[in-house]
Amino acid sequence: MQRHEDPPAPLYCVALWLVMEYCDGGDLNHFLLSRLPDNQNNHAVVRQLCSAVAFLHSLGITHRDLKPDNVLVCVTSKGPVVKVADFGLSKMSPGVSEGELTRQHFSSTCGSDFYMAPEVWGGLTYTAQADIFSLGAMFWAVLERITFVEEGTTQEQLGAYVWKGRSGRLVPLGEALWENAELQLSIPIKFRRAPPLPPPPGPATCTLLLDMLAADPDARPTATQLEARVSCALEEDSH
C-alpha cells in the first residue's frame, strides 16, 4: 500500500514595521547648535518641554532620562516643534495624579550624568521631581548656550556643569549638589565666552532655574507649577 505523506506546511514570513514621524530638525543638540543663538527658538523649546513633561506627569509617567539627545525637533514655518522621545527608562504609575506622583518613589539609578538629579546620583529613592531637575539642567544650557564635550567623544552637547579643582574637571550639577547641598550655583554664569551668545536670562528666569535645580526635590516646582511659572518668568523678563 502506497503511503501518502502530508504536504509541507506553508511558510509564512512575519515582519513588524514601525512607521514613525520624521523629525527633520534632528535632536535638540543638533537643532540649536547648528544655528546662531535665537531667543525666540530657545523660549519656544523651553515652553514646549514644560508642557510635554506636565502632560507626561499628569498621566503618571516619569521619563527618568530627559536630555537634549532625547528631544527631537520638527522644523515648521511657525518655529520648532519639539517631541520628547526614548521612553526606555520611563516608569508608569497607573491611576496616579501629579500630586501623588511626586510621592511615588523609584530606586533604579538611571539617566545621563549631566542631567541626573542629586538624589539619583546618591543612590537614594527618588520621585518624578528628578525629571524637573533634568529639565533645569537642560533649560540653563539652552538659555545660556552652555556646552561640553564628553570624554571620549568629539560631539559638542548642551549641558550645565560646575568646574572642580585646579584641573578644571567638568562635574555634573547633580553630582556636585550631592556632594555639597549648599553649593551656590551662579545663574547666569559669571563669565561670558566668545560670541555669538544669547543674552543672559533675566532675574525671574534665573530664580526659576535655581528652584528647578534645588538639591531638595521638594523645593522644586511640580511639572504643572513649572508650566505656569515658565510662561510668567519669560514674559516678565521680556519687559
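**Helix packing, pockets and cavities in a predicted chain**

The buried residues of helix H7 are Ala204, Thr205, Cys206, Leu208, Leu209 and Met212; buried means under 20% relative accessible area, exposed over 50%, and partly exposed in between, with a 1.4 Å probe and protein chains only. Helices (H or I, at least four residues) and strands (E, at least two) are DSSP runs, numbered from the N terminus. The model is predicted, and local features need pLDDT of at least 70, side-chain atom pairs count only at pLDDT 80 or more, while totals for chains, interfaces and linings use all residues. Residues are numbered from 1 along each chain as its sequence is written, and side-chain values use heavy atoms, with hydrogens and water left out.

The chain contains 8 helices and 8 strands. Of its 239 residues, 45% are buried. The C-alpha trace spans about 95 × 40 × 40 Å along its principal axes. Among contacts (heavy atoms within 4.5 Å) between residues at least 6 apart in sequence, 64% join residues at least 24 apart.

The buried residues of H7 pack against helix H5 (129-144) and H8. The axes of H7 (residues 203-212) and H8 (residues 223-238) come within 7 Å and cross at roughly 150°. H7 is therefore roughly antiparallel to H8. Axes here are lines fitted to C-alpha atoms, for helices over the stretch in contact, and angles run from 0 to 180 degrees between N-to-C directions; angles under 35 degrees count as roughly parallel, over 145 as roughly antiparallel, 65 to 115 as roughly perpendicular and the rest as oblique. On the H7 side, the contact is made by Pro203, Ala204, Thr205, Thr207, Leu208, Asp211 and Met212, which meet Leu226, Arg229, Val230, Ala233, Leu234, Glu236 and Asp237 in H8. By class, the residues of this contact are 8 nonpolar, 2 polar and 4 charged. Ala, Val, Leu, Ile, Met, Phe, Trp, Tyr, Cys and Pro count as nonpolar, Asp, Glu, Lys and Arg as charged, and the others, Gly among them, as polar. Cys232 also lies in H8, but Cys232 is exposed, with a relative accessible area of 51%. Its C-alpha atom is separated by 8.9 Å from that of Thr205, 27 residues apart along the chain.

Rolling a probe the size of a water molecule over the atoms shows where empty space is left. On a 1 Å grid over the protein atoms alone, a cavity is a set of points where a 1.4 Å probe fits but cannot get out, and a pocket is an open set with protein on both sides within 12 Å along at least five of seven lines; lining residues have an atom within 4 Å of a point. Grid points are joined across faces, edges and corners, and a volume is the space filled by probe spheres set on the points.

The largest pocket holds about 360 Å³ of space. It is lined by 19 residues, of which Trp140, Tyr161, Val162, Trp163 and Ile189 are the closest to its centre. Strand S7 (161-164) and helix H6 (173-179) each supply at least two lining residues, and the largest share, 4 residues, comes from S7. This lining has 12 nonpolar, 3 polar and 4 charged residues.

The second largest pocket has a volume of about 200 Å³. Its lining consists of Asp113, Phe114, Phe148, Val149, Glu150, Glu151, Arg169, Leu170, Pro172 and Glu175. Two or more of these come from each of strand S5 (147-149) and strand S8 (169-172), with S8 giving the largest share, 3 residues. The lining divides into 5 nonpolar, no polar and 5 charged residues. Glu175, found in H6, is buried, with a relative accessible area of 15%. Leaving aside neighbours within four places in sequence, Glu175 is in contact with Trp121 and Arg169.

The count of cavities of 30 Å³ or more comes to 4. The largest cavity has a volume of about 100 Å³. Among its 14 lining residues, the closest to the centre are Arg64, Cys110, Gly111, Met116 and Ser134. H5 gives the most to this lining, with 3 residues. The second largest cavity holds about 50 Å³ of space and is lined by Phe31, Leu32, Arg35, Leu36, Pro37, Asp38, Asn41, Asn42 and Arg145. Helix H1 (28-33) and helix H2 (39-58) are the elements that give two or more residues to this lining, which divides into 4 nonpolar, 2 polar and 3 charged residues.
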